[in-house]
Amino acid sequence: MRIRALSTALSLTLVAAAALVGVSTPASAAPLTKVLVFSKTAGFRHSSIPNGIAAIQQLGTTNGFTVTATEDAGQFTTANLAQYQAVVWLSTTGDVLDPAQQNAFQAYIAAGGGYVGVHAAADTEYDWAWYGGLVGGYFNSHPATQQATVRTEDRSNVSTAHLPQNWTRTDEWYNYRANPRANVKVLSNLDESSYSGGTMNGDHPITWCQNYGGGRAWYTGLGHTEQTYTEANFTRMLLGGIQIAAGAKPADCRPEVGYTALFDGTQASLNQWRQAGPGGFTLADGTLTSNGGMGLLWYPVRTFANYSLKLDWMMPGDDNGGVFIGFPDPQGDPWQPVDAGHEIQIDATDADPSRTTGSVYSFRAPDTAARAAALNPPGSWNTYEIGVHGQRVEIWLNGVKINDYTSTRNIANGYIGVQNDGAGMDINYRNIRIKTDGGNPPQPPTTDLAQGKPTATSSVEPGSPHVAANAVDGNSGTRWGSAHADPQWISVDLGATYALNRVRLNWEAAYGRAYQIQTSPNNSTWTTVYSTTTSDGGVDDLTLTGTGRYVRVNGTARGTAWGYSLWDLNVYGTPVTGTPTLLSSGRPTATSSVEPGSAHVAANAVDGNTATRWGSAYADPQWISVDLGATRSLSRVRLNWEAAYGRAYQIQTSPDNSTWTTVYSTTTSDGGIDDITLTGTGRHVRVYGTQRALTPYGYSLWEFEVYGA
């Protein structure tokens, strides 16, 4: 950050703290000059091996290292291996080294050598336990080659930083005999729901790295197909793996377990955070990008003590940012964390060493040699680990410790945040996670129960597009605005009864000074679960306790001359056991017909708006169906008929929208609301009308609601 002048007393403190004590300096990264590619097979042989060799040779030509390709295990001698910074095992299979050759390779790794395993390298040397530990996981099985989604876990590692958060591609996806996560740093994993044949119970590492036996190892299960080696994303990943194994690029390959995501790249997790001061951040591909400032994005859900905080960051050029720790609620003022907490600085070029990357800003300079060896340059991603234990602050950069400072400030328990320093001081953050010494308590639910649900309101600002639905659309750039009078309210139907623990109100400039949060089981009888007369606008992130299907913000005193205006109304909680959930809201519909020349389409019956309806042609039979998206256990159907109702109809279910089972039938409906308790299972639910009550008209439903589990 660029900061105000410090007091004389504080300046004297800085002088006294200028030197570092007890921080080790790593050796500088060695240049990458020679790589050995080993592709001997004693089992299945992949046709892609020549493609892999050619791709690595091209990487060498482009990046200044030579490549020797061999299938001669005789090259595994102590003297010969010593000339290579890394050895790539390219889809090797079976038992490929004799005991003497194994000993030579093990000695090579012990002396600081590098191993790169590609695809079937995990299908190799099953009787050599040391090798099994080196590769990280032995091959177990694979389904047919198919498309799947690779989820990038470590987006600062030089081999995976360029990848999207979700990468869809085709390969032969290996299952492993055991999950390697406890022993390696997982860089990417497979989304087992995106393909058929995954057997690792939803936690399926596919690319990882580790420090092993004195050297470094990097492995990827990708690489089966010939086309793989022409994919720019893959070859860049492979280059990064070679650079890591060779020690030419810094990487934190320590296992990472027990961390809880505070920002995981989704809008839902970002909604947990609050901006103090000017500027802010945009979100794209799981990455926060700063704009304006000087401001602070902070995590208001809880304070932390005795923890390890990790996050990835990147500056495009000579930019500026920082991570704040140990500060109290800033009350909208980004300078309070400056004065009460500490900033872990990110700045490539500040002449003051106590204000450069890795410093405890203005209090403690980093070990500059250690930082230089570990730091990736502007335009590249880096990872901070910040340890806070009591007053002690330790800082690791890409796995290398670069700072150790004991503070005189009360930072032992406080909030954390990231800085947007100012216009032109661009910075990016990803993957913010934390682990406390005693284990992290469960975080508040991050699923916004209100998003996309039906809304109602007392008014809409005349002549404006600021309708109530804007407050629950998940878009913080659209809003609800009321008429300019008191009182006003906005409510949301959650579709089922929930035990509520949090409501978040993101006010526009026209905020409510006095309001209540109210709940209701029936949209009629309301219970107040939170009340204030002193809101100051901005974001009100409220912890509360209540139960209800409907939630209402009831404003009684405006904070401005205008109306009430909310960018977002977010509601969080957990389902009440035994309470059926509304499954049909907003789901795809189909129908036998629509009243000719009308706007009464089928979707109107599941839009949550009792002023819109579906109307059919004037004939028997007619039907309307809804696709619930998956097979559900059904317990209730509620039909809100318009005047043109069905006297005789059946409720039917289907697994495939083809074969239908009747779960309820009547010939004596009298219209109004038919609230039906039933038992059935299906993905598709249909109201099949066989006799209209008013023969001059069709069938007409204001709402078609399906409930279940």
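Helix 2 passes helix 6 in a right-handed crossing, a term that applies if the near helix is turned clockwise from the far one, left-handed being anticlockwise by less than a right angle. The model is predicted; local features need pLDDT of at least 70 and side-chain atom pairs pLDDT 80 or more, whereas totals for chains, interfaces and linings use all residues. Residues are numbered from 1 along each chain as its sequence is written, and side-chain values use heavy atoms, with hydrogens and water left out.

**The chain as a whole**

- The chain contains nine helices and 40 strands; these are DSSP runs numbered from the N terminus, with helices (H or I) of at least four residues and strands (E) of at least two.
- The C-alpha trace spans about 95 × 75 × 40 Å along its principal axes.
- Of the 709 residues, 55% count as buried (buried means under 20% relative accessible area, exposed over 50%, partly exposed in between, with a 1.4 Å probe and protein chains only).
- Among contacts (heavy atoms within 4.5 Å) between residues at least 6 apart in sequence, 73% join residues at least 24 apart.

**Helix 2 against helix 6**

- Helix 2 (residues 49-63) packs on helix 6 (residues 232-246) at an angle of about 70°, and their axes are 11 Å apart; axes are lines fitted to C-alpha atoms, for helices over the stretch in contact, and angles run from 0 to 180 degrees between N-to-C directions.
- Helix 2 and helix 6 are therefore roughly perpendicular to each other (65 to 115 degrees; under 35 counts as roughly parallel, over 145 as roughly antiparallel and the rest as oblique).
- Ala-55, Ile-56, Leu-59 and Asn-63 of helix 2 meet Thr-235, Leu-238, Leu-239 and Ile-242 of helix 6.
- The residues of this contact comprise six nonpolar, two polar and no charged; Ala, Val, Leu, Ile, Met, Phe, Trp, Tyr, Cys and Pro count as nonpolar, Asp, Glu, Lys and Arg as charged, and the others, Gly among them, as polar.

- Nine strands form an open sheet in the order 2-1-3-4-11-10-9-6-7, with mixed pairing; two strands pair if DSSP finds at least two bridges between them.
- Strand 2 (66-70) and strand 7 (166-171) are the edge strands, each pairing on one side only.
- Neighbouring strands of this sheet are turned by 20° against each other on average, direction ignored.
- Helix 6 packs on the sheet and touches several strands, including strand 4 and strand 11; the direction of helix 6 makes about 165° with that of strand 11.

**Strand 4 and its neighbours**

- Strand 4 (residues 114-118) runs parallel to strand 11 (residues 215-220), and five bridges join them; Val-118 has Thr-220 as its bridge partner in strand 11.
- Five bridges also join strand 3 to strand 4, and these strands run parallel; Ala-86 stands opposite Gly-114 in strand 4.
- Both faces of strand 4 are covered, with Gly-114, Val-116 and Val-118 buried on one side and Tyr-115 and Gly-117 buried on the other.

**Backbone features**

- Cis peptide bonds join Asp-486 to Pro-487, with omega about -10°, and Asp-620 to Pro-621, with omega about -10°.
- Pro-487 lies in the loop between strand 27 (480-481) and strand 28 (488-507), and Pro-621 in the loop between strand 35 (614-615) and strand 36 (622-641).
- Asn-201, although not a glycine, has a positive phi of about 55°; this residue is exposed, with a relative accessible area of 78%.
- Asn-431, in strand 25 (residues 428-436), has a positive phi of about 50° and counts as buried at 19% relative accessibility.
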